[in-house]
Protein chains: 2
Amino acid sequence: MSEATVRRRVTSTDVAREAGVSRATVTYVLNDTPGQTIPQSTRTRVLEAAARLGYRPNSAARTLASGRSRIVLLVLPDWPQEFSFRHFLDEASLALDESGYSLVTYTRHPGTRGRPLWEALNPDLVIGLVPFDPDDVASIRGCGVTRLFPDPDESDSADLSMAVSAGPELQVDHLIDRGHRRLVYATFKEPPPYSLVLARHRAACDRAYTRGLPPPDLERIDHQDGSTEEAIRRWRDMGITGVIAFNDIVAAVVVVAAATAGLRVPDDIAVIGHDDNQTAAMFVPQLSTIRFDPSTLGRDFANLALHKLEGRPWQNPDASTRVTLVRRRTT
Amino acid sequence: MSEATVRRRVTSTDVAREAGVSRATVTYVLNDTPGQTIPQSTRTRVLEAAARLGYRPNSAARTLASGRSRIVLLVLPDWPQEFSFRHFLDEASLALDESGYSLVTYTRHPGTRGRPLWEALNPDLVIGLVPFDPDDVASIRGCGVTRLFPDPDESDSADLSMAVSAGPELQVDHLIDRGHRRLVYATFKEPPPYSLVLARHRAACDRAYTRGLPPPDLERIDHQDGSTEEAIRRWRDMGITGVIAFNDIVAAVVVVAAATAGLRVPDDIAVIGHDDNQTAAMFVPQLSTIRFDPSTLGRDFANLALHKLEGRPWQNPDASTRVTLVRRRTT
DNA sequence: CTGAAAGCGCTTACAG
DNA sequence: CTGAAAGCGCTTACAG
């Protein structure tokens, strides 16, 4: 410490000199390289030297030399509005971190210009929550990324789509079980239905089909003007008694409009939300909704990533254990 | 194309060979390196060869050689709940991209274990929306990052805190202008007040002080049980007539509870929200709230980053042009 | 105007 | 058990 403290970054050469070994040995010790037999005394010497000097490997150099960045890039199609998504990411990050990987999230929008993040990051794996379009696949591959998920060229049994579909399926099941035979799927007009909306709607349609019902129409309501009331009256005239809402905010708007239209909830029309967010319990009447366990889902995600990265075993999780119905007063 | 298509990644050596020049020339052309005089014919040859081969520079190699990653890491203290934040990020990303930088966001939580992202990414700049704690500063510096913002060691006149404080200030001003002299600041009990809540509350306190009022207490309400009503009655007994809500959801809960408690809004008690989200216009009565322009803020952010990265000129934006009052029926 | 060469800080066969 | 050396794919003075 004196004028020697010209902030030059500590390198493995410094650690090697400090510990009296070669750079190779430093690497072996710090990375716990398998197949090397290094006596405990040397190990300790290296570890202590590294700690004393505050050594952090240069990740660019490491990536270049090893050919792996240990970065997992998670591509999000739209802005996730669920608060619980944070718990999902926390858990996923943590689980990946334990295996030495860093999780980076990247929110991609349809209109995005500019260089995609996979070009700047050299990720070992790029994962999307919805399928990539062909342009993106080409772009990802062109950046030297060999692992992506879902991979259009690979018929992989691994599947995380239940993370999206389990909720809508449960919504449909619940309404049917309560005796409703004519359903609609409601979302907001603005912003225009994005991929998560479409994916949830499609899951609801598939479930309705399985249960022998026609697919519920995708109805886009407006929460600003009074058109939601009209829509609800129209639904009633069509014999519809059950509303599957994209999320709890949509559900709340539908419930308010139903009341204004003079309909009783759930007797005249039943409404079920999704996400169990703060809004859900606050309304009068309190909203029936879907709760899912984001932490478990986060671990599922990390396991899938490690499966793709290192071939660890993988087994598709059971959807029914990831999602629960919260029945309150609107169904 | 045939068996030669063994997917080996295209390198600058390939491009150099294809164009009949050296690797140095390839770099100069593709990076538009200033101070090199390269004839248009050579430029075109290189550009065409690169395009034909689908060349993407290896970012790890580039980072290692140049000492710059061209990555800006934005550290978010908590999960941002405002939908408009996406527009902020879009705009910021785009503006940075135009200057050749990639923006990566990193949501950090108090309990986070594991390797921080700045260790894996080698960012040229780390920016936090709230100040870093000393441990983080040490960790960031230890990873060889020389530029961070806010930088505790540097008395920098650059300031983006108006992005947080302008809204609360406007809330306070509006309530005072409407004749309210006794105010509270309301937020949810769960999750416990996080940094954004505290920052907004503090801004409200500062503004109240400037306007000659005592600082509004931070009141934590519960949206599950009926305790919000009790709180409101208590506030009334204390002579409080104005409620500054952390966001529109809090405002909605307060308004509902006030109605249940038999108070008239805004005559007995005025409530102003923040964010102008979808909930705000939906309630009866519609919520007065604060709207801010996320895109402009995104550009402000990008300009600040470029100022720190390349010394571009910077001038603190005028808060009052970034935020507007949306007066509806609760004030 | 262009290229040969050193170097960025690691990892990894390989030889001893 | 350990180290000398090549190499990852770029960038950047520097010499011509």
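Is Cys205(B) buried or exposed? Select Cys205(B): this residue is buried, at a relative accessible area of 15% (buried means under 20%, exposed over 50%, partly exposed in between, with a 1.4 Å probe and protein chains only). Next, select Cys143(A), which is also buried, with a relative accessible area of 1%. The count of disulfides over all chains is 0 (a disulfide is a pair of cysteine sulfur atoms within 2.5 Å).

Before going on, note that the model is predicted, with local features needing pLDDT of at least 70, side-chain atom pairs counting only at pLDDT 80 or more, and totals for chains, interfaces and linings using all residues. Residues are numbered from 1 along each chain as its sequence is written, chains are lettered from A and ligands numbered from 1 in the order in which they are written, and side-chain values use heavy atoms, leaving out hydrogens and water.

Now show both chains. In contact (heavy atoms within 4.5 Å) are 51 residues of chain B and 51 residues of chain A.

Zoom in on Glu119(A) and Arg56(B), whose side chains form a salt bridge at 3.1 Å, N to O (a side-chain nitrogen of Lys or Arg within 4 Å of a carboxyl oxygen of Asp or Glu). Between chain B and chain A the count is 2 salt bridges.
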